Amino acid sequence: MRIKKLNARQPASSDMRIFVSGNEAIAMAARDSCVKVAAAYPGTPSTEILEYIADYSDIYSEWSINEKVSLEVAIGASLAGSRALCAMKHVGLNVASDALMTQTLIGVSGGLVIVVADDVGLSSSQNEQDSRYWGRFAHVPVLEPSDTQEAYDFTRAAFDLSEEYQVPVIVRATTRICHVKGTLLTSPKVEWTPKAGFEKDPARLVMVPGNAKHRIPLMLERDQQLAKASEISSLNRYEEGSNTALGFVVSGVAYQHVKEAYPDSPVLKLGLSHPAPIEKIRIFRQKVDRLVLVEEVEPLLEKELKAEGIQLEGKDILPRQGELTPEVLKRSVEGLVEREEKPAPRIIAADKVFPRPPTMCVACPHLGVYYTLSKIRNTYISGDIGCYTLGAGHPWNALDTCISMGASMGVALGLDKGRQPEDENKKVIAVIGDSTFLHMGMQGLLDLTYNKGNATILLLDNRAVGMTGGQDAPSSGINLQGEKTSRVDFPGLVKALGVKEERIHKVDPYELPTLFKTLRDETKVNDVSVVITDQPCVLTERYKAMQPLKVEDKDCTGCGNCLDVGCPAILVSRRETVVKPNGKEKELAFATIDTAACTGCNLCVNTCAPDAIIPAENLIENGYAMPEIINAAAPADTVEETE
Amino acid sequence: MNAENITNILVAGIGGQGVMTAAEILSEAALSLGYDVKKTEVAGMAQRGGVVTSHVRFGPVVRSPSILAGEADLLVAFEPAEALRWVNHLRPSGIAMVNSFRQAPPVVSTGLFSYPDDPVGEIHAGGKEVHAFNAGEIALKLGDRRLINTIMLGAISEQLPFETSLLEDSVLKRFAHKSEKLLELNREAFAAGREAAQAS
């Protein structure tokens, strides 16, 4: 049949716009602001900023081992006279905050910008926190772009602001800035002369009590100046609207949501949201009948404005978590204004569709680890941040805690030392990935050995930061530019951290019997053991696919053991209920393998008693038919690529 | 800005199917005509086989990057259960173009949840205009399941407010620097999708 055409307006003539994500726009702004040093630790949704910057040969860029180090590198570069940028996800600034809280007393030489990306809505994070707090806490200004263009413009403005007021500047992005693509017009590269080298100035740069106490009044005076600047800054913009029954004060991407939901209302758009232009807001308040303050996530500015006696609606009507999308805004604000009735869309029962939780990849080396962990009894397993957090889910259910980067080590020690009599025989296991271990796990392990803990550490070394897309780290021996560099020696490292040599084992996670025996033996020893797995992430080029497998149906007994591996390429072809000789019923699940997705890691072969899993012939030429119901997880090289 | 002037296309599928690439190609085509364009993803851990949606909005001025429920003009679903999951995003006059090839996650295949009997039928029964065809089978006949996104783009090419050839050019541009074989394969896939949609 013919399908009707959509109705859209004829387009304008073409122009110089490019179509990029907020992350790429921030990278371009760094380039055009003459940044010399950029550093970051990967973290969704900020990861791509440094990946884009790495393409600019004028900028020194690096994967730092954690966010605190990345900020310290940027601080050093600024003091050396260069413009510097560091980028991180929201929880990264918690790690970096120790440096930030004192850096603010020192100020900057070359402009210093911290891009922090809040994961509003928790698309890929362990919490949802509001990084704007750090602006208040550290006495530094906060800029909040609302789209790709502003991600570029505000990052550039941040460098000027940083140098003008001798202050590090936070650019607060959110997932809906970083990962949204929009149009961008870049401006000419700035004419910027580097500062004249590092200047020795201990009274300013050596923060001992005697020096620091003299810097505090200067910081407080800077707060005053920034507050004045905010009142007249063009980053804080008033937009008229015909319907003054309702006015909005808004920052970040929520501005776009407000314009979408209430196109006729006046808006005071805050680009420099901290310190806020209090007087400007007070004047705006007079122009509208009711004022709604829209801020993602916390009622931060709300408290400040209410303390100033400005009447407004805020988190009393708006949600305290998640994105403030046009839908959410309309629902929340509905009570305040009359709204024209729209016919409700016809609802089809879509909510009954099964969930599709993220799975581990086909042939992931972690599969064997969690299969093994799920078979060991009487354990408490402290987990960490990474792909392997998925081990908490179906079918393994083999992870009991997940808190913050590197926490598995300290939590394991606490579980050991704090155990109650009923847990006397429990084995404490910690699971941590290579990059997370290097980020913040090393200290925890040192604490474990120093304090004579009893725990078995599984250090999953897949030589990549897998969860964020397989970035390099000191464990891969490759730097951000793709050059070879030193590669950390894990057995040597954990030995140096106090683990006895005989308690350190390197195991191939695809060799299930060895892995099982090693873990079982080590958990029985009252000491700190480290079991290092050494196979690469399947998302990286280091992984080599092998001949795929299939199930010989006539040999499959339906025991379902292979399903416990949790590989997304292993599926159930049919179920049967049989009655055993003792009269008990037993559920059988016969397996099939999505051979087109399988990369032949052989893990499932290890679990199959009747040897029903065998190598598959060449698929296409032999007329391979995809199973009608197959799993979606694609082999690594197809992820988001058409070719 | 008046929302009536904005075209909203929701592309939905599963991590690894090329949902984001398809949305990217749609965006590029719209951009080349001078529209304002925004594209946003909900793809928390998409690389791990989770649900992926990509919202493409274009028109004179686009504000919010996300398509509101009940306001999508077109739902391009790479999998039938995903079509059902997102169908309420369509406006009453909206159209769903669905790859009818089913892909169930381990939670279904291992029996924790069941797959809907007839997702496309349910969409139809709900009063929506829906077109479904087996893009998975076409992709496999052409020799590569990764062609699904090109096939789906071909399928919707007749419904967009711009010339069919523009979208095809945007697809093929991606393969111009690759092999001639890949270029030809994608040309075939695009044509096959277009044909299948018209027959559906």
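**Exercise 1. Is A363(A) buried, partly exposed or exposed in this predicted model?**

Step 1: Count the neighbours. A363(A) has 27 other C-beta atoms within 10 Å.

Step 2: Compare with the cut-off. A residue is buried if 20 or more other C-beta atoms lie within 10 Å of its own. So A363(A) is buried.

Step 3: Place A363(A) in the chain. You'll find A363(A) in the loop between α13 (326-333) and α14 (365-375) of chain A.

Step 4: Check the backbone. Although A363(A) isn't a glycine, its phi is positive, about 70°. Most residues other than glycine have a negative phi.

**Exercise 2. Now try N602(A): buried, partly exposed or exposed?**

Step 1: Look at the backbone again. Phi of N602(A) is near 75°, which is positive, and N602(A) is not a glycine either.

Step 2: Locate N602(A). It sits in the loop between β21 (585-593) and α19 (603-607) of chain A.

Step 3: Count. N602(A) has 17 C-beta neighbours inside 10 Å, so N602(A) counts as partly exposed.

**Exercise 3. How many residues of α14(A) are buried, and what covers them?**

Step 1: Go along the helix. Nine of the 11 residues of α14(A) are buried, so the rest of the structure largely encloses this helix.

Step 2: Name some. Among the buried ones are P365(A), H366(A), Y370(A) and L373(A).

Step 3: Look for the cover. It includes β14 (379-382), β16 (455-460), α18 (512-524), β18 (528-533) and α19 of chain A.

**Exercise 4. Which way does β17(A) run beside β18(A), parallel or antiparallel?**

Step 1: Find the pairing. Strand β17 (residues 504-507) of chain A is joined to β18(A) by four bridges, and the two strands run parallel.

Step 2: Follow the chain. From β17(A) it passes through α18(A) to β18(A), making a right-handed β-α-β crossover.

Step 3: Pick out a pair. Opposite V507(A) stands T533(A), in β18(A).

**Exercise 5. Where are the cis peptide bonds that join T44(A) to P45(A) and E296(A) to V297(A)?**

Step 1: Keep the background in mind. Most peptide bonds are trans.

Step 2: Start with T44(A) and P45(A). Omega of their cis bond is about 10°, and P45(A) lies in the loop between β2 (35-40) and α2 (48-53) of chain A.

Step 3: Move to E296(A) and V297(A). Here omega is about 20°, and V297(A) belongs to the loop between β13 (290-294) and α12 (300-307) of chain A.

Key. Residues are numbered from 1 along each chain as its sequence is written. Chains are lettered from A and ligands numbered from 1 in the order in which they are written. This is a predicted model: local features need pLDDT of at least 70, side-chain atom pairs count only at pLDDT 80 or more; totals for chains, interfaces and linings use all residues. A residue is buried if 20 or more other C-beta atoms lie within 10 Å of its own, exposed if 12 or fewer, and partly exposed in between; C-beta atoms are placed from the backbone. Two residues are in contact if their C-beta atoms, placed from the backbone, lie within 7 Å. Two strands pair if DSSP finds at least two bridges between them. A crossover is right-handed if, with the strands pointing away from the viewer, the path from the first strand over the helix to the second runs clockwise.
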